[in-house]
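The following note sets out numbered points for a colleague who is examining the model. Please read each point with the coordinates open.

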Amino acid sequence: MKTVLLSLLLLVFAITSVNAAEIKVGFVNISNLMEKAPQAESARTALEREFDGRDNKLTTTRDAILRLEDQLQKDGEIMSESKRADLERDILRRKRDFNREKDELKEDFNIRRNEELGKLQREVYSVIVDVAKKENYDLMVTESVLYASDKIDVTEKILEQLKKSGK
């Protein structure tokens with residue numbers, strides 16, 4: 001927080017020391033862009049397609065375990081000791097396998113989500129820099145801004161560029 005305040009103070013001093021030159025500043029709401037960019041929706045859809053099969057398999061496995069537990073509960077008292085013990089071991093083994101597969105799916109999904117998020121962030125930052133250069137901005141600021149007037153908020157302009165490049 002201190003470094004942000006110090007940076008802002010230095011910026012204010014730099015701006016006031018430039019007498020005749022006008023400085024063009026723009027503000028971009030990154031979190032808004034990351035949410036609304038068509039590339040973000042494409043990444044979400046791709047991830048859903050990629051992991052849908054494994055998620056469905058886990059659901060099927062979970063349902064099978066629940067059916068076996070239900071069978072054990074209903075018929076456990078009338079089963080032979082060995083048959084009940086076999087069913088309990090089978091349920092335990094299936095639960096361990098299910099939990100392992102669920103953890104692997106979660107880990108794989110997080111890795112892929114982070115990869116997609118990184119690609120999206122690089123593209124967003126690239127478009128911001130392109131717009132800043134094309135429109136002669138001296139400074140683009142993002143997060144940790146207490147207030148930015150609509151006059152300098154270029155988030156929608158960046159979003160439009162992302163929409164164009166996303167098609």
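**Notes on the predicted model**

1. Phe109 is partly exposed, its relative accessible area being 28%.

2. The overall composition may be set down next. The protein has five helices and two strands. Read from the N terminus, the order of elements is α-β-α-α-α-β-α. Of the 167 residues in the protein, 24% are buried. Among contacts with a separation of 6 or more, 82% are between residues 24 or more positions apart.

3. Helix α4 deserves a check of its geometry. This helix has 54 residues, and the distance from its first C-alpha to its last is 79 Å, close to the 80 Å expected at 1.5 Å a residue. Just after α4, Asn136 adopts a positive phi of about 60°.

4. Arg93 and Asp97 are four residues apart in α4, and so about one helical turn separates them. With 39% relative accessibility, Arg93 counts as partly exposed.

5. The series continues from Asp97. The side chain of Asp97 meets that of Arg100 in a salt bridge of 3.5 Å, N to O. Because Asp97 and Arg100 are three residues apart in helix α4, about one helical turn lies between them. Both residues count as partly exposed, Asp97 at 27% relative accessibility and Arg100 at 42%. Salt bridges with shared partners join Asp90, Arg93, Arg94, Asp97, Arg100 and Glu104 into one network. The count of salt bridges comes to 20.

6. A further contact involves a charge and a ring. The charged end of Lys24 sits over the ring of Tyr137, at 4.5 Å from the ring centre.

7. Helix α5 (residues 155–166) also passes a check of its length. Its twelve residues should span 16 Å at 1.5 Å a residue, and the end C-alpha atoms are 16 Å apart, so the two values agree. Which residues of α5 are buried? They are Thr155, Ile158, Leu159 and Leu162. Viewed down the axis of α5, these buried residues fall within an arc of 100°, and therefore they line one face of the helix. The elements that cover them include β1 (25–27), α2 (30–36), α3 and α4.

8. Gln71 is a residue of helix α3. Its relative accessible area is 34%, so Gln71 is partly exposed. Leaving aside residues up to four places away in sequence, Gln71 touches Gly76, Met79 and Leu87. Gln71 and Leu87 are 16 residues apart along the chain, and their C-alpha atoms are separated by 9.1 Å.

Methods: Residues are numbered from 1 along each chain as its sequence is written. This is a predicted model: local features need pLDDT of at least 70, side-chain atom pairs count only at pLDDT 80 or more; totals for chains, interfaces and linings use all residues. Side-chain values use heavy atoms; hydrogens and water are left out. A salt bridge is a side-chain nitrogen of Lys or Arg within 4 Å of a carboxyl oxygen of Asp or Glu. Buried means under 20% relative accessible area, exposed over 50%, partly exposed in between (1.4 Å probe, protein chains only). A charge sits over a ring if NZ of Lys or CZ of Arg is within 6 Å of the ring centre and within 35 degrees of the ring normal. The expected span of a helix is 1.5 Å times one less than its number of residues. The arc is that of the directions from the helix axis to the C-beta atoms. Contact means heavy atoms within 4.5 Å.
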